[in-house]
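Here is a short report on one chain. Look over the sequence and the model before reading on.

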Amino acid sequence: RRRIKFETKITPVMTKNEGLVSQVMVQLTDEESGLEFRWTKDKFINRVYIMRELFEKYSAGDLDLAALPQDHDPFWDPNERS
């Protein structure tokens with residue numbers, strides 16, 4: 001079992017047309033490694049879809065989570081580290 005925590009955060013974002021606006025983001029914290037990632041709503045929904053797919057494969061016995069490469073891990077994002 002992984003120690004992952006999700007929180008919603010309000011983040012200021014600069015836009016071309018509207019200037020500074022607030023955007024709701026989802027912050028994922030991996031409590032084992034201390035890494036934090038902030039995702040937009042769309043990215044979070046996409047990751048939930050991937051998590052569900054992996055869970056189905058795992059439940060069917062078709063997936064060894066210990067052998068899952070880091071770049072296929074829905075809880076890790078090399079481009080979004082904060």
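How many salt bridges does the count come to? The count comes to seven salt bridges. The model is predicted.

## Salt bridges

Arg2 forms a salt bridge with Asp30, with the closest N and O atoms 3.6 Å apart. Arg2 counts as partly exposed at 37% relative accessibility. Asp30 counts as buried at 10%, because buried means under 20% relative accessible area.

Arg3 forms a salt bridge with Glu31, and here the closest N and O atoms are 3.7 Å apart. Arg3 lies in the segment before β1 and Glu31 in the loop between β2 and β3, so the pair ties together parts that are 28 residues apart in sequence. Arg3 is partly exposed, with a relative accessible area of 47%. Glu31 is partly exposed too, at 36%.

Asp77 forms a salt bridge with Arg47, the closest N and O atoms being 3.3 Å apart. Asp77 is in the segment after α1 and Arg47 in helix α1, so this pair links distant parts of the chain, 30 residues apart. Both Asp77 and Arg47 are buried. Salt bridges with shared partners also join Arg2, Asp30 and Asp73 into one network.

## The sheet

Three strands make an open sheet in the order β1-β2-β3, with antiparallel pairing. Which strands stand at the edges? They are β1 and β3 (36-39); each has a single partner strand, so one side of each is left without a neighbour in the sheet. Neighbouring strands of the sheet are turned by 30 degrees against each other on average, direction ignored.

β1 and strand β2 (residues 19-30) pair in the antiparallel sense over 12 bridges. A hairpin of three residues joins β1 to β2. Thr15 stands opposite Gly19 in β2. Lys9 stands opposite Met25 in β2.

## Aromatic pairs

The count of aromatic pairs comes to two. Phe6 and Phe44 form one that is edge-to-face, at 5.7 Å centre to centre with 70 degrees between the planes. Phe6 lies in strand β1 (residues 4-15) and Phe44 in helix α1, so the pair ties together parts that are 38 residues apart in sequence. Phe6 is partly exposed, with a relative accessible area of 37%. Phe44 counts as partly exposed at 25%.

Phe6 and Phe75 form an aromatic pair that is tilted: 6.4 Å centre to centre, 50 degrees between the planes. This pair also links distant parts of the chain, with Phe6 in strand β1 and Phe75 in the segment after α1, 69 residues apart. Is Phe75 buried or exposed? At 18% relative accessibility, Phe75 counts as buried.

## A nonpolar surface patch

Phe55, Tyr58 and Leu65 make a nonpolar surface patch of about 340 Å². Tyr58 is found in helix α1 (residues 41-59). Tyr58 counts as partly exposed, at 45% relative accessibility.

Conventions:
Residues are numbered from 1 along each chain as its sequence is written. This is a predicted model: local features need pLDDT of at least 70, side-chain atom pairs count only at pLDDT 80 or more; totals for chains, interfaces and linings use all residues. Side-chain values use heavy atoms; hydrogens and water are left out. Patches are made of residues with over 30% relative accessible area and no salt bridge: like charges are joined within 9 Å, nonpolar side chains (Val, Leu, Ile, Met, Phe, Trp, Tyr) within 5 Å. Accessible areas come from the Shrake-Rupley method with a 1.4 Å probe; for residues, only the protein chains shown count as cover. A salt bridge is a side-chain nitrogen of Lys or Arg within 4 Å of a carboxyl oxygen of Asp or Glu. Helices (H or I, at least four residues) and strands (E, at least two) are DSSP runs, numbered from the N terminus. Buried means under 20% relative accessible area, exposed over 50%, partly exposed in between (1.4 Å probe, protein chains only). Rings of Phe, Tyr and Trp (its six-membered ring) pair if their centres lie within 6.5 Å; planes under 30 degrees apart count as stacked, over 60 as edge-to-face and the rest as tilted. Two strands pair if DSSP finds at least two bridges between them. Axes are lines fitted to C-alpha atoms, for helices over the stretch in contact, and angles run from 0 to 180 degrees between N-to-C directions.
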